[in-house]
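The sequence and structure are shown first.

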Amino acid sequence: MNSSLAKLQLGGGCNSVSDSFDPGIPVEIGKIEKELGHLWESSDDTKTRASLINFIVYTEDTESLSADTEVISAVAGKHACRAILIMANPLAPVSEAKAWISAHCHLAGKGERQICSEQITFRLDGDSAHALPNIVFSHLDSDLPLCLWWKAEFPEPLDEKLWGWVDRLIFDSSTWKNPAHQFSIIRHLSSSDTTGRVLCDLDWTRLHSWRFALAGMFDHASAFPCLSGVESLHLKCAPGKRTTGLLLLGWLASRLNWKPSDEVDSFITADGKMIPFVINAVPGPNLSLVSIHCGEALFELELSESGDFFESRIHAPGTRDTRQILPAGRGKIADTLLAELSRSGRHPLYTKSLELILPLIGK
Amino acid sequence: MPTEALRTNPLREGLTSRTMPDPCTLVIFGATGDLTHRKLIPALYNLAADGALPPAISVVGFARRDKSDEVFRTELEEAARKFSRQSLNDELWKSFASCVSYHRSEFDKFEGYQDLARKLDELDAARGTCGNRLFYLAASPDQFEVILENLRKSGLNKAREGSWARVIVEKPFGTDLPSARGLNDLVQNAFEESQTYRIDHYLGKETAQNIMVLRFANSIFEGMWNSRYIDHVQITASEPLGVEGRAGYYDKSGALRDMVQNHLLQLLCLTAMEPPAGLDADSIRDEKVKVLRSLRPLTGEDVFKHVIRGQYSAGAINGKRVAAYRDELNVDPESTTETYVALEVNVDNWRWAGVPFFIRVGKRLPKSGTEIAIHFKSVPPVLFKATGESIDDNVLVIRIQPDEGISLRMSAKMPGSSLRIEPVKMDFHYGTSFGKATPEAYERLLLDAMSGDPTLFARRDEVEEAWKFVDAIHAAWATRSDDLAFYSSGSWGPGEADELITRQASTWRRL
């Protein structure tokens, strides 16, 4: 698909939510569907409205609307959707709700035909923020899955009616200010779910390429036995991103049947062996190095400076040292979201990993 | 055992739904040829870029020309830059290229294979490729015999305990049934059937793989997938290209052998087969073979009633004048080779009794495209008869290439006070529905061969049954040539082909 983007707007520019951001055509909330209908009637024949998912972005950051719209545009380029961007400010003194409509059009293939996704942008101030479930329910494309990207801390208590409608709940645990509390909410959501809702932590999605590369290092017949002889682990994470490292360790622990130990920063194997780990805070990407020590063997996976590749290094006595360059995936949030949306199914290993690291998060 | 280790690596769980390929060495015979440059190396690079290759892999190019590893890698880099679906990243290419080497030898020199064996042992030790070998016959078919014989003599066809040796054979799998049997015997002198992977790249295409999902994972289709609801099926493969430097091969082969015997009969099998007992390779291939065995043989005069052969004359493609087939370089000026063929084929089994499958394939046609169109029966002409409206039949189209996808044509009432019925189309495009690039067929097939999954490769009996059907047509053609119809380049084929389908009260679909 061509990435050429055309914003399908007939007006706009006035009544915008911030000085620099133009959210589209202002509309009365009760007339959104009608105005969207007019938008398509007035467009030319080369534009086709398409929608395969409802993609809702919820944020409480008044400065992020422009960036969020960019992300929606990138997502719409690959996954035609009904996008709803909600900026809520529950603490605003005046209660007010405003809405805008716009569309993202991308050239399809080599022809002139454009596939267009609608975006409805809401600003909900003060008490209006409590109208969130109604806003969501009344503007969904029917019969399409609902993906909600929750870009804030989860509130308590959770509105069961809203969460019950969500097919795929997307969040990013690396941005949480209070991860211990937020993870416990996620655990509650996971354990109480009866609807088949999928929980997607974007920090876990980012770890996919790490997990893929680390698994590859142990495919080899000579390396495989080392998995049962892991003695210690060393990770480098950005300051404040310890949970990223813990999620990766939780994955290793769940796969290798380790349990969290009562001792600080360590796991215990099924046969009672202690495996200490160190997470160093180093400025840079959320996670930049994983070292696994197994006796005299060392398995290292390090992110390149560009962030595009991993260098995997295996040093094992009696064999030739190996070095391999592997793809690391893209670091931009839109790429991570696209990776998540392209991958169907649940994340059973995430919940297993989470169980194992919850006792470690508060330490 | 390396394979066992891969299957029990607990870190693999949840990361991928397919078995990861084993560490291995891929030896490409014909490494300086077009296939290697255009398809194999770009496919391998894309697999590396997706992190799908095993950590330990070596690629050895085997060819006659004298060149160093460095020159070989440079040539491959140029090709990969030109033909890879993902743009080349220097760092990643460097890493991939470090596992590529060149082995110079004549195909018929036994010493060259002994040297190759030594080289592969060294690579096993240096790169941890565990003695697993995948031999890819990308050389011209007339070299297959000598390559296979030397692989056997040098013992390279036999894997050590705990390792494997496999061979990938590129089409054409013979030129008729006796030669296909001869080739199969030749291959099986060196490799068991379970070690043999006959590649038909159409089967590696996503849409071809999706035919089974469409049919057997959607309850709305399978119940209607029979003679009660389906009027006929059209399978089309058209291309604007002429023989493009392949005249030497093509003039002896023709469209029937080049395309119908393999690609199009495979698509027919996937369309017509019964649900397999399982998704394992042999269950699926058993069902495909049953379809081939159910094809009503076309022999004698029936061939001239149900098969139209054509050859392009001069014309225009994309506004440019192009020469007639007989005027192409290296083509016999009196050639009767068909560049177009249209067939009416019947599958004589319970499900398909009375449903003709129309197959057409041709060169120098106006557009490039391969598709399967399922034409459903008309509704009874009762309800809307009085309005005078004609109602188009429902058509389900599975587009194999380009623009892979599926569309369904149905009738809808036009808005307004009067009753006007118009056909509308529901369209699904792979490109716009799934947010990831469709891998090239060769990527999937190489990965499958490395993983030991032969599902998407043709089995010996499939190939031979297909030849049996095609040979009977050729036998009839050999008796006369006055049925050869000519069509202008840039047209949709000879008028006789239109008449063939008109008998079914239908017309060929416009692509």
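In which loop of chain A is the place of D265(A)? D265(A) sits in the loop between β12 (259-260) and β13 (266-268) of chain A; helices (H or I, at least four residues) and strands (E, at least two) are DSSP runs, numbered from the N terminus.

This is a predicted model, in which local features need pLDDT of at least 70 and side-chain atom pairs count only at pLDDT 80 or more, while totals for chains, interfaces and linings use all residues. Residues are numbered from 1 along each chain as its sequence is written, chains are lettered from A and ligands numbered from 1 in the order in which they are written, and side-chain values use heavy atoms, with hydrogens and water left out.

**Backbone geometry**

Most residues other than glycine have a negative phi, and most peptide bonds are trans. D265(A), although not a glycine, has a positive phi of about 45 degrees. In chain B, the peptide bond from K171(B) to P172(B) is cis, with omega near 10 degrees; P172(B) belongs to the loop between β5 (165-170) and α7 (177-190) of that chain. A cis peptide bond also joins Q401(B) and P402(B), with omega about -20 degrees, and P402(B) is in the loop between β14 (395-401) and β15 (405-413) of chain B.

**Interface**

Contact (heavy atoms within 4.5 Å) links 34 residues of chain B with 32 residues of chain A. The two chains bury about 2,800 Å² between them, 61% of it on carbon and sulfur atoms; buried area is the accessible area (1.4 Å probe) lost by two parts on being put together, summed over both. One salt bridge is found across the interface, a salt bridge being a side-chain nitrogen of Lys or Arg within 4 Å of a carboxyl oxygen of Asp or Glu. The partners are E13(B) and R255(A), whose closest N and O atoms are 2.7 Å apart. On chain B, the elements that give two or more residues to the side touching chain A are α1 (2-8), α2 (34-49), α4 (90-97) and α13 (430-433). The largest share of that side, four residues, comes from α1(B).

**Pocket and cavities**

On a 1 Å grid over the protein atoms alone, a cavity is a set of points where a 1.4 Å probe fits but cannot get out, and a pocket is an open set with protein on both sides within 12 Å along at least five of seven lines; lining residues have an atom within 4 Å of a point. Grid points are joined across faces, edges and corners, and a volume is the space filled by probe spheres set on the points. The whole structure holds four cavities of 30 Å³ or more.

| Space | Volume |
|---|---|
| Second largest pocket | about 870 Å³ |
| Largest cavity | about 90 Å³ |
| Second largest cavity | about 80 Å³ |

The second largest pocket is lined by 41 residues, with T322(A), R323(A), Q324(A), P55(B) and R127(B) closest to its centre. The largest cavity has 14 lining residues, of which F212(A), A213(A), G216(A), L326(A) and G51(B) lie nearest its centre. Helix α6(A) supplies the largest share of the lining of the largest cavity, five residues. For the second largest cavity, the largest share of the lining, five residues, comes from α10(B); its lining residues include F173(B), D200(B) and E462(B).
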